[in-house]
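Hi,

Here is the structure I promised to pass on. Have a look at it first, and then read my notes below.

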Amino acid sequence: MPRLAQLSNALSRGRLPERAAAAAGLSLDRPAVGVLVTLHMADRPLRIGEIAERMQVVGPHVTRQVQELERRGLVRRIGDPHDRRASLVEPTPDGADAADRYAASLVGWFSEAVAGWSDQDRNDLGRLLGRLVDDVTARMNRLDQETGETGGGGEPPAAG
């Protein structure tokens, strides 16, 4: 636990998400970048509620961010073919390009941080992080099911 806290503090203190956004030429706050990256990583356009669920925040937070991203031309709303009352949100080409630049900045930073590691160590880290994320996500989903919660609340984690 102390090492996870140390990593979290180092990333927060170093303002990595803000630095990556600036390097990508984005003048967006962290929640807006989180929405944009979530949409870009999705395999399809998403409803506001789906974005909120993926980010583990409440819908009104996402709605405000989508409105700002829409105003800047980075996302657009399209009709939901399955429910004419609802709309879906997807990144525009400019939004997808911005999300790619942000992700490239983060990947570049982490790549530099582990540049001195052996290939085996880098591969092990990727494998073990994937396993940790899968196991923690599965455990949290089980806890939500047991308690009847649907997730949400809180701010999104740093994108990346």
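What follows is a short tour, from the whole chain down to single residues.

First, some ground rules: this is a predicted model, with local features needing pLDDT of at least 70 and side-chain atom pairs counted only at pLDDT 80 or more, while totals for chains, interfaces and linings use all residues. Residues are numbered from 1 along each chain as its sequence is written, and side-chain values use heavy atoms, with hydrogens and water left out.

**The whole chain**

The protein chain has 7 helices and 2 strands, in the order α-α-α-α-α-β-β-α-α along the sequence. Helices (H or I, at least four residues) and strands (E, at least two) are DSSP runs, numbered from the N terminus. The C-alpha trace spans about 50 × 45 × 25 Å along its principal axes. Of the 160 residues, 29% are buried; here buried means under 20% relative accessible area, exposed over 50%, and partly exposed in between, with a 1.4 Å probe and protein chains only. If you take contacts (heavy atoms within 4.5 Å) between residues at least 6 apart in sequence, 55% of them join residues at least 24 apart.

**Helices**

Helix α7 covers residues 119–147, and its 29 residues reach 42 Å from first C-alpha to last, close to the 42 Å expected at 1.5 Å a residue. That expected span is 1.5 Å times one less than the number of residues. After α7 comes Gly 148, with a positive phi near 75°.

How do α3 and α6 cross? The axes of α3 (residues 30–41) and α6 (residues 93–113) come within 9 Å and cross at roughly 105°, which makes α3 roughly perpendicular to α6. For the record, axes are lines fitted to C-alpha atoms, for helices over the stretch in contact, and angles run from 0 to 180 degrees between N-to-C directions. Angles of 65 to 115 degrees count as roughly perpendicular, under 35 as roughly parallel, over 145 as roughly antiparallel, and the rest as oblique.

On the α3 side, Val 33, Leu 36, Val 37 and His 40 meet Gly 95, Ala 96, Ala 98, Ala 99, Asp 100 and Tyr 102 of α6. By class, that contact has 7 nonpolar, 2 polar and 1 charged residues. In this scheme Ala, Val, Leu, Ile, Met, Phe, Trp, Tyr, Cys and Pro are nonpolar, Asp, Glu, Lys and Arg are charged, and the others, Gly among them, are polar.

**Around the strands**

Asp 80 sits in β1 (residues 75–80) and counts as buried because its relative accessibility is 7%. Beyond four places in sequence, Asp 80 touches Arg 47, Ala 86, Ser 87 and Leu 88.

Pro 81 is in the loop between β1 and β2 (83–91), and it counts as exposed, at 67% relative accessibility.

Thr 92, in the loop between β2 and α6, is buried at 11%. Leaving aside neighbours within four places, Thr 92 is in contact with Gly 73, Leu 74, Val 75 and Arg 76.

Cheers
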